[in-house]
Amino acid sequence: SSDLAMAANKIIRIGPVILSATLTTNIVNPGTTTGGVGMPATSTNLYFVLRHIRITNKTGTAATCSFWIGATGGNAAGTEFLGQGLSVPANSYIDWYGMVSLDIADFLVGGSGTASALTFEAEGEIGIR
């Protein structure tokens, strides 16, 4: 939609956060706008536009990660995103560049095949719908 690149969006950083071995962990999800007086009825939900994700391996052994976009705590078939058992080299990192929008019902979930080996960090934008 045309609002994905509006100048009113704020640049954000998400994380860094260590990935657990639970592949259904909620990592990223935009919230809602609440409170205030006289808020326009059409300005109730936030959205994120992710433009860069970095997965860093802080260990001396390759580790894998998997991610999905879908329901909270879910990793249903057909919702895979970024990697499924994606190997991150020892003492290195992988970068993803793109443009994916997450609304309040969208959860980026996932984790690592090795607990506490990988760190997730992302940059993008936050906006109001």
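Student: In what order do the four strands of the open sheet lie?

Tutor: The order is 2-7-4-5, and the pairing is antiparallel. Helices (H or I, at least four residues) and strands (E, at least two) are DSSP runs, numbered from the N terminus, and two strands pair if DSSP finds at least two bridges between them. This is a predicted model, where local features need pLDDT of at least 70, side-chain atom pairs count only at pLDDT 80 or more, and totals for chains, interfaces and linings use all residues. Residues are numbered from 1 along each chain as its sequence is written, and side-chain values use heavy atoms, leaving out hydrogens and water.

Student: Which strands stand at the edges?

Tutor: Strand 2 (25-28) and strand 5 (86-88) do; each has a single partner strand, so one side of each lacks a neighbour in the sheet.

Student: How many bridges join strand 4 to strand 5?

Tutor: Three bridges join strand 4 (residues 63-70) to strand 5. Within this pair, C65 stands opposite L86, and A63 has V88 as its bridge partner.

Student: And strand 4 with strand 7? How many bridges there?

Tutor: Strand 4 pairs with strand 7 (residues 107-112) over six bridges, again in the antiparallel sense. There, W68 has V109 as its bridge partner.

Student: Changing topic: is strand 4 mostly covered or uncovered?

Tutor: Strand 4 is mostly covered, with six of its eight residues buried. Buried means under 20% relative accessible area, exposed over 50%, and partly exposed in between (1.4 Å probe, protein chains only).
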